[in-house]
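Student: I am new to this structure. Can we go through the terms one by one, with the cut-offs behind them?

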Amino acid sequence: MQVITLESEAFQKLINKISDIEQYVKRASDLFIELESTLELSSRELMDTLQVSKSTIYRWRRDRIIPFRYDEKGNALYSYRGLILAIKNGDLYIPKTSKAFLLSKLTEYKESLIINSLLRNDKKEILE
């Protein structure tokens, strides 16, 4: 068995890097949890994410297939968590499109929000 030795300064740098990575992962995890419960998509975001038309979304709303609410300006907002559940339950479906594909598109949307948020926060910390 070989023993690896590191100089104290090099070891401390390594520990600091590991700590930075741990903090980054924790922030990302916290954002995922928060987004799961509060994220809402606009009609445009839902159209772009699932690649459906405005009339399809209107039909889903009309038939109460997807959960939604209206904001103070009268715009429809769709609960991310509600969309996930509607897909998993089979209520929301698109012909010739798998549940896995729809779920992956919503996950990609959420992940892009998190990545952009983390990048903005990192830039803000650098500038401060």
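**Terms and cut-offs**

Tutor: Start with Phe68, which is partly exposed at a relative accessible area of 21%. The model is predicted: local features need pLDDT of at least 70, side-chain atom pairs count only at pLDDT 80 or more, and totals for chains, interfaces and linings use all residues. Residues are numbered from 1 along each chain as its sequence is written, and side-chain values use heavy atoms, with hydrogens and water left out.

Student: Why is Phe68 called partly exposed?

Tutor: Buried means under 20% relative accessible area, exposed means over 50%, and partly exposed is in between (1.4 Å probe, protein chains only). Phe68 has 21%, so Phe68 counts as partly exposed.

Student: What makes Phe68 and Tyr70 an edge-to-face pair?

Tutor: Rings of Phe, Tyr and Trp (its six-membered ring) pair if their centres lie within 6.5 Å; planes under 30 degrees apart are stacked, over 60 edge-to-face, the rest tilted. The structure holds 1 aromatic pair. Phe68 and Tyr70 are 5.5 Å centre to centre, with 80° between the planes, and form an edge-to-face pair. Tyr70 has a relative accessible area of 48%, so Tyr70 is partly exposed.

Student: Why is Lys105 called buried?

Tutor: Its relative accessibility is 19%, so Lys105 counts as buried. Lys105 lies in helix α5, residues 99-127. Helices (H or I, at least four residues) and strands (E, at least two) are DSSP runs, numbered from the N terminus.

Student: Which residues does Lys105 touch, beyond those up to four places away in sequence?

Tutor: Thr49, Leu50 and Gln51. Contact means heavy atoms within 4.5 Å.

Student: How do you know that Arg69 and Glu40 form a salt bridge?

Tutor: A salt bridge is a side-chain nitrogen of Lys or Arg within 4 Å of a carboxyl oxygen of Asp or Glu. The closest N and O atoms of Arg69 and Glu40 are 2.7 Å apart, so the pair meets the rule. The pair links distant parts of the chain: Arg69 is in strand β2 (residues 68-70) and Glu40 in strand β1 (residues 40-42), 29 residues apart. Arg69, at 37% relative accessibility, counts as partly exposed. Glu40, at 28%, also counts as partly exposed.

Student: How many salt bridges are there by this rule?

Tutor: The count comes to 6. Among them is Lys13 with Glu9, with the closest N and O atoms 3.9 Å apart. Lys13 and Glu9 are 4 residues apart in helix α1, so about one helical turn separates them. Both are exposed. Asp48 and Arg44 form another, at 3.2 Å. Those two lie in helix α2, 4 residues apart, about one turn of the helix.

Student: What makes a nonpolar core?

Tutor: It is a set of buried Ala, Val, Leu, Ile, Met, Phe, Trp, Tyr and Cys residues joined through side-chain atoms within 4.5 Å. The largest one here has 22 residues, and those touching the most other members are Leu41, Leu46, Leu50, Trp60, Leu83, Leu92 and Leu106. Helix α4 gives the most to this core, with 5 residues. Leaving aside neighbours within four places in sequence, Leu92 is in contact with residues including Leu50, Trp60, Leu83 and Leu102.

Student: Why do such side chains gather?

Tutor: In soluble globular proteins, nonpolar side chains tend to be buried together.
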